[in-house]
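Thanks for coming. I will take one structure today and go through the overall numbers, the metal site and the charged pairs.

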Amino acid sequence: MKLHEYQSKTIFSKYGIPIPKGRVAATAQEAKQVAEELGGRVVIKAQVLVGGRGKAGGVKLAKDADEAEQLATQILGMEIKGLPVRKVLVDEASAIDQEIYFSITDDRAARKPVMIASAAGGVDIEEVAATDPDKIIKVHIDPLLGLREYQARDVAVAIDLPRDYWKDFIKVAMGLWEVYKNTDASLAEINPLVITKDKQMVALDGKMMIDDNALFRHPDLAEMRDTDEDAPAEIEARKYGLSFIKLDGDIGCMVNGAGLAMTSMDVIKLFGGEPANFLDVGGGADSKKVAAAMRIILTDPRVKAVLFNIFGGITRCDEVARGILTAMDEVKPKVPMVVRLVGTNAEEGRRLLEKANMITAETLADAAKKSVEAAKKGK
Ligand code: GDP
Ligand code: MN
């Protein structure tokens with residue numbers, strides 16, 4: 001789950017990381033009022049869950065409250081990378097001397113958190129990473145020991161931070177480590193972390209991603225989810241406890257078990273097809289859940305065929321078959337469906353599905369091949 005800038009910065013601030021004064025606003029009038037309260041120059045920032053807002057014109061400086069209102073009107077009318085701007089953050093403007101990049105994220109390959117920093121922070125950090133990777137410093141953090149102050153100091157030295165700012169930087173780094181650890185974040189990023197002309201170190205931007213699988217122990221964070229920007233299919237899937245990820249292909253997949261789902265996708269590709277989604281209905285799925293899964297798959301207009309690959313262990317094949325039939329009643333699918341059922345009550349399941357004109361298969365390879373052929377015919 002991604003958090004908005006204003007949400008991330010509020011969390012940073014609780015951990016002692018300095019942030020500009022400011023508040024989020026949903027209307028231009030409200031933005032004007034916040035600007036009046038803050039007095040002086042402000043920055044108006046689109047709150048959308050994508051990067052590169054600055055370059056897209058979603059971050060603008062205003063000299064006074066009237067201009068703040070004007071710019072807020074403009075930004076609230078924008079779409080950034082397809083996402084409508086529904087809120088703006090109004091922050092006290094900073095006079096910037098230097099922009100630093102600083103983040104803590106998961107390094108899956110190393111199986112450790114990694115701290116990433118660069119003196120060349122700001123809107124061009126991706127370009128710096130591509131053309132000048134030496135300017136990006138990476139230091140791994142031992143998950144048991146946590147971030148040590150000396151590591152943060154080493155990073156400060158490595159990015160040529162003047163000695164006067166080491167103390168501030170270490171405080172920010174230790175704070176961000178606590179944020180990352182305590183919220184089960186997969187990313188906590190400050191870009192830019194600025195040094196202002198009056199020699200303050202401030203987190204001007206903030207971005208966080210929280211591990212969805214850890215949200216059960218962070219109800220306060222779970223509440224912050226902005227579903228406005230999620231695909232409707234994903235919201236629906238979450239409601240039924242389905243693990244669903246939309247992909248670009250045309251073969252819908254309904255599988256029980258994440259490993260089996262991945263295998264099914266691989267085998268589809270092996271036979272020259274492309275999966276339209278990853279969908280794990282989970283162990284012990286009942287017919288309601290299966291029906292929801294089918295609705296989700298079939299509302300994607302790109303789907304030209306559906307592959308069901310069910311291994312009945314805890315999940316009973318007859319339950320799955322009933323779910324499929326219920327959903328077919330509701331959705332009236334027009335695309336061919338290939339089903340492979342094995343395991344508990346598979347016979348009963350197959351018998352139920354025989355009436356439904358589905359293509360049956362004995363093995364996964366057979367099922368994948370048939371679904372690829374069916375999808376090709378459907379084009
Ligand atoms: P992003 O483009 O989505 O990463 O949005 P940021 O919040 O990082 O803002 C983009 C850029 O706008 C920053 O890198 C700064 O250069 C600039 N910016 C943001 N806030 C201020 C501010 O208060 N004062 C000044 N002078 N520039 C700002
Ligand atoms: Mn930024």
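**Charged pairs and a metal site**

At 36% relative accessibility, Lys246 counts as partly exposed. I start there since this lysine belongs to one of the pairs on my list. Before going on, please keep in mind that this is a predicted model.

The partner is Asp300: the two form a salt bridge, with the closest N and O atoms 3.1 Å apart. Lys246 sits in strand S14, residues 243-246, and Asp300 in the loop between H10 and strand S17, so the bridge ties together parts that are 54 residues apart in sequence. Is Asp300 buried or exposed? It is buried, with a relative accessible area of 13%.

Now the overall picture. The chain has 13 helices and 19 strands. Its C-alpha atoms fill a box of roughly 75 × 50 × 40 Å along the principal axes. Of the 379 residues, 48% are buried. If you take contacts between residues at least 6 apart in sequence, 69% of them join residues at least 24 apart.

How many salt bridges does the structure hold? The count is 27.

A second pair from that set is Arg53 with Glu5, whose side chains meet at 2.8 Å, N to O.

Glu236 forms a salt bridge with Arg295, the closest N and O atoms being 3.4 Å apart. Glu236 lies in helix H8, residues 232-239, and Arg295 in helix H10, residues 287-298, so the bridge ties together parts 59 residues apart in sequence. Glu236 is partly exposed at a relative accessible area of 21%, and Arg295 is partly exposed with a value of 21% too.

Next, the metal. Which residues are the protein donors of the manganese ion, ligand 2? They are Asn191, through O, and Asp205, through OD, at 2.1 to 2.2 Å from the ion. Asn191 is in strand S11, residues 185-196, while Asp205 is in the loop between strands S12 and S13, 14 residues apart. Both Asn191 and Asp205 are buried.

Leaving aside neighbours within four places in sequence, Asp205 is in contact with residues including Glu5, Lys9, Lys45, Arg53 and Asn191. Salt bridges that share partners join Glu5, Lys9, Lys45, Arg53, Asp91 and Asp205 into one network. That brings together two of my topics: Asp205 is a donor to the manganese ion, and Asp205 also belongs to the network that holds the Arg53 and Glu5 pair.

One last distance. Asp205 and Ile314 are 109 residues apart in sequence, and their C-alpha atoms are 47 Å apart in space. That is what I had for today.

Terms used
Residues numbered from 1 in each chain as written. Chains lettered and ligands numbered in written order. Predicted model: local features only at pLDDT ≥ 70, side-chain atom pairs only at ≥ 80, totals over all residues. Heavy atoms only, no water. Helix = DSSP H or I, 4+ residues; strand = E, 2+ residues; numbered from the N terminus. Buried < 20%, exposed > 50% of the residue type's maximum accessible area, 1.4 Å probe, protein only. Contact = heavy atoms within 4.5 Å. Donors = N, O, S within 2.8 Å, 3.2 Å for Na, K, Ca; no water. Salt bridge = Lys/Arg side-chain N within 4 Å of Asp/Glu carboxyl O.
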